[in-house]
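User: Can you walk me through this model? I'll ask as I go.
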Amino acid sequence: MTKENIDTPALLVDAPALERNLEAMQRLADGFGLALRPHAKTHKSPALARLQIEAGARGITVAKVGEAEVMAEAGLEDILIANQVIGETKLDRLVRLAERARTAILVDGVEGVQALEQALARRGLEMEVMIEVDTGKRRCGLERLEDILDVVRAIEKARHVRLRGLETHEGHVADGARSAEDLRTRAQAAGQRLVEVAEALRDRGIEIRELSVGSTPAAPYTGAVPGLTEMRPGTYVFNDVNQMAIGQATPSDCALSVLATVMSRPAPGRAVLDAGSKSLFAERVRPGFAGEYSGFGFIREAPGAVISSLSEEHAVVDLNGEALRVGDRVKIIPNHVCPCVNLHEETYVVRGGEVVDVWPIAARGKVR
Ligand SMILES: Cc1ncc(COP(=O)(O)O)c(C=O)c1O
């Protein structure tokens with residue numbers, strides 16, 4: 001099968017670009033002396049997770065129990081659910097999962113530890129947890145040492161819960177960053193904060209084995225902080241316009257595109273593509289400092305054009321002098337690749353113009 005036979009809209013993965021990204025991030029982690037545990041929410045595909053492991057990753061990260069179930073079913077063995085797991089139904093699923101794959105979760109409260117303990121005790125299993133620390137994102141995660149110590153005490157009381165270490169997602173560092181230097185300063189401050197919390201706990205005799213950070217924009221920087229042990233970037237496998245906007249990727253580093261067809265040229269200067277918000281995902285580019293990117297994706301064949309609006313099955317393109325004809329096929333780099341991938345059932349893997357594989361996005365839509 002060649003690219004020309006694929007019906008649109010469809011996801012294409014450029015295999016050589018993907019391989020370069022896998023290798024570059026593994027090399028970065030190795031250079032820092034950190035283990036790599038990539039976040040699989042970006043690709044939601046066991047086939048790609050396996051490539052990450054083959055490239056040297058120690059295990060994978062996921063966001064939801066449902067994603068972990070899909071990955072475990074496909075034979076992935078070492079999974080961190082980098083999230084709180086709350087509610088009896090979910091905890092029962094989690095414990096059943098832990099019988100099949102080495103699984104750990106995050107905790108940021110005493111209630112979470114106690115509920116996990118009860119679920120584990122019912123089946124006589126043990127599980128490791130990481131305490132989520134807020135290093136600036138202001139999402140989940142604890143900021144104050146006394147709150148972290150309360151969680152440590154709850155873990156010490158529990159007979160089936162074991163403390164692996166501390167975790168943070170320093171994803172906030174790219175929001176409003178003015179330069180690469182600014183990114184570096186923010187990322188390293190977040191990493192440093194995690195190390196300080198670990199030191200404060202160790203001073204109290206608490207064993208902290210792992211310190212896990214994770215965010216693609218921060219990845220070149222956070223790992224330089226001494227004392228960390230693991231990094232969990234996700235977006236790097238594919239990259240996207242958000243990564244281009246902070247100068248960390250060019251179009252040739254973006255391994256995933258949405259293939260679309262020009263289905264109408266209804267007025268001068270306007271083209272309409274058959275990929276709307278249900279295949280591209282309607283999200284604006286995060287403001288960056290490396291080039292102006294507006295609209296809802298970057299059209300490789302018409303870089304001056306702007307996708308000015310999306311409806312569910314239409315992308316309206318202001319051509320700005322670019323030439324596109326009805327029937328032309330274009331490849332669009334999504335602004336934010338992770339939610340875009342989640343909209344699709346499979347991705348076509350392309351090498352030298354030929355489709356060499358089709359990977360199911362097996363964990364798509366797994367929000368529970
Ligand atoms: C907990 C956690 N770790 C790691 C990541 C990876 O971040 P990125 O996709 O920027 O690499 C995310 C992304 O949302 C996350 O929520």
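**Strand pairing**

Analyst: Start with L12, whose bridge partner in strand 16 is Y348. Strands here are DSSP runs (E, at least two residues), as are helices (H or I, at least four), numbered from the N terminus. This is a predicted model: local features need pLDDT of at least 70, side-chain atom pairs count only at pLDDT 80 or more, and totals for chains, interfaces and linings use all residues. Residues are numbered from 1 along each chain as its sequence is written.

User: How many bridges join strand 1 to strand 16, and do they run parallel or antiparallel?

Analyst: Four bridges, and strand 1 (residues 10-14) and strand 16 (residues 346-351) run parallel. Two strands pair if DSSP finds at least two bridges between them.

User: And strand 16 with strand 17, how many bridges?

Analyst: Six, running antiparallel. V350 stands opposite V355 in strand 17. The two strands form a hairpin with two residues between them, and G352 in the turn has a positive phi of about 55°.

User: Switching topic. What is the domain assignment?

Analyst: Domain 1 is 3-8 + 247-360, and domain 2 is 34-235. These bounds come from an automatic or database domain assignment. Over C-alpha atoms, the centres of domain 1 and domain 2 are 33 Å apart. Their contact takes ten residues from domain 1 and 16 residues from domain 2. Contact means C-beta atoms, placed from the backbone, within 7 Å.

User: Which elements supply the domain 1 side?

Analyst: Helix 11 (337-341) and strand 17 (354-360) each supply at least two residues of that side. Helix 11 has the largest share, three residues. The side divides into six nonpolar, three polar and one charged. Nonpolar covers Ala, Val, Leu, Ile, Met, Phe, Trp, Tyr, Cys and Pro; charged covers Asp, Glu, Lys and Arg; the others, Gly among them, are polar.

User: What about the largest nonpolar core, how many residues?

Analyst: It has 116 residues, and M71, V129 and A315 have the most contacts inside it. Helix 7 (residues 180-203) gives the most, seven residues. Domain 1 and domain 2 both give residues to this core, so it lies between them. A core joins buried Ala, Val, Leu, Ile, Met, Phe, Trp, Tyr and Cys residues through C-beta atoms within 7 Å. Buried means 20 or more other C-beta atoms within 10 Å, exposed 12 or fewer, partly exposed in between, with C-beta atoms placed from the backbone.

Terms used:
Contact = placed C-beta atoms within 7 Å.
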